[in-house]
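Thanks for coming. I will talk through a few strand pairings and then some charged side chains. Please have a look at the structure first.

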Amino acid sequence: MAGLCSVLGLFLLAGRLPLDAAKRFRDVASHRGAAAPIVRHQDRLHGWSPDQNIWNEKLYPVWKEGDSQWKNCWKGGQVQAVLTSDSPALVGSNITFVVSLLFPRCQKEDERGNIIYDGSCKNGTTRSPDSYVYNWTAWTEERDSGKCPNKSTHHVFPDGKPFPCHPGWKRKHFVYVFHTLGQYFQKLGRSSAVVSVNTANMTVGPQLMEVTVYRRGYRSYVPVASTRDIYMVTDEIPVFVNMSQKNDRNSSDDVFIKDLPVQFDVHIHDPSHFLNTSAIYYKWEFGDNSGLFVSNSPVFNHTYTLNGSFVLNLTIQAAVPGPCPQPSPGPPTSPPPPHFIGTTVNSSGATTSSPPAASPQAWGREAPDESCQVTRYGHFIASLTIIEGILEVNIIQMTKIQKLAPQTEDSTIDFVVTCQGNTPTDVCTVISDPTCLWPQNTVCDPVEVSDQCLLTIRRAFSGAGMYCVNLTLGNEASLALTSTLVSIDGQGSPARIETGILVSISALMVFTILVTFFVYKRYKEYKPIESCPGKVVNGNGLDVSFHNGKAVFFPANNEKDPLLKKEAGIV
């Protein structure tokens, strides 16, 4: 009896050996690292399968890293796979992975998905007379005549599932196998493949994504490349703040100028638009005892009025879809809504005071509310340095320098410039065309300025005409710019063209109004003597109008006027 049991045990063990010896997806992934843990059902990714499934090694052979077969898996060289993602991803949002294949030199993919030699590429090596590296279209037309993949064992993924029937499947000659968190996803593709995954069931923290790529073979599929990349799933809103200032010379060093507003522009990393329907609030603390500011706009301006170092602290709050809480046996108690102490700034820029009983600790709470939403937070901290800088530059006078040599064509002008704030150490002048778009001459010089910040800049202009002049004063931390339009007529002194235009237009308007009023008054008061009622003498009206106009534009000599009562003045 004991012998019979032993024989039966041997048969059972022999029957189980093929199943245990079969390669699984987790084994294919673990040959490059540790195997992933078994996935619980609640952690299952939508559309993905557990990696305990059997891998068809006969149809999809598995090669280890460093295997010599990798060198001969592709004609003309080796294929490289590049994996990228839009990580980090807020838990609950979608994260997208993109795999791109880089073929050997002088090879490319045509519109039908075949790999061909690039005729415009000079490789310097002998090339096959055939223009195709891999002509998969001929293979599929020979074996696959239907609109959908046939049910043969060749048109299946590594786990045995058949290829999907969709338009264009014959042009997709690569099989991509994605693996992460103990699960895998299979996809047909061309020289690139895109996969988006929802992160609601993912573990927060850094994770590893691995991808293996197979090409179509005549009887089986051949591995051509593999790649991996680390991606990040976070429960905090990924945020970055771009800081800029009008006269700041280098906005990347976090050094800004006192008494000038600094613009803070918040950028939330949300490529899947997960937060599009969420109400987002921004809480600002600038570290200068100016108080707390709450706004619903991602752009905020703040002016530091003291020199020194300050710590900027930004907290972002957003309500996002989340898991509903489990019902509790006791009476439900809803958590109080978050309150803020400080000033609230709405999108229109108006400020309102927050309730005095507000509690800043409420920002730290995270609890689902009755609508199954979770409050997520994002944080940004930066250390800023505030120093003195050049605040403003003004041109207060322009004087033309008289030519010493008449044959000189250039006109020289002195610009008297004043500035506010710190003193400059250098000045640059850019002379352009009247539109200020095409620079003609650029001159930069070091300067020494007293505490009053008053200096004279001499610049030469080549010939008469209109010029746009940009004057920039700068020092180690700041730059300040002023511009003006200058007219050089070759004789008179320079004038700002906008002032000249305005004066000319104003004078012309006044002159036109006076002439019109005078002509109208003279013509209205004059009534020609008619020889007969109801009849008009031909040409009399025209003659009267002409003489009135002549009297206005060509007045007679006043010295012969018998009504002259006093002598004319000299202008």
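Let me start with a question: which residue in β19 is the bridge partner of W284? It is L314. Before going further, please keep in mind that this is a predicted model.

Now the strands around that pair. Strand β16 covers residues 280–285, and strand β19 covers residues 308–321. They pair in the antiparallel sense, over six bridges. β16 also has strand β17, residues 292–295, as a partner; four bridges join them, and these two run antiparallel. β16 and β17 form a hairpin, with six residues between them. In the turn sits G287, with a positive phi of about 80 degrees.

Next, the charged side chains. In general, side chains of opposite charge can pair when their charged atoms come close. In this model the count comes to eight salt bridges. I will go through three of them.

One is between E109 and R190, where the closest N and O atoms are 3.2 Å apart. E109 lies in strand β5, residues 107–109, while R190 is in the loop between β9 and β10, so the pair ties together parts that are 81 residues apart in sequence.

Another joins D414 and R458, at 2.7 Å from N to O. This pair also links distant parts of the chain: D414 is in strand β24, residues 410–421, and R458 is in strand β27, residues 454–462, 44 residues apart. Here the two ends fall into separate classes. D414 counts as buried because its relative accessibility is 11%, under the 20% cut-off. R458, with a relative accessible area of 48%, is partly exposed.

The last one I will show is between K258 and D259, with the closest N and O atoms 3.9 Å apart. For a salt bridge the cut-off is within 4 Å, so this pair counts. K258 is buried, at 16% relative accessibility, whereas D259 is partly exposed, at 37%. What else belongs to this group? E388 does: K258, D259 and E388 are linked in a network of salt bridges.

That is what I have for today.

Definitions and conventions
Residues numbered from 1 in each chain as written. Predicted model: local features only at pLDDT ≥ 70, side-chain atom pairs only at ≥ 80, totals over all residues. Heavy atoms only, no water. Salt bridge = Lys/Arg side-chain N within 4 Å of Asp/Glu carboxyl O. Buried < 20%, exposed > 50% of the residue type's maximum accessible area, 1.4 Å probe, protein only. Pairing = 2+ DSSP bridges.
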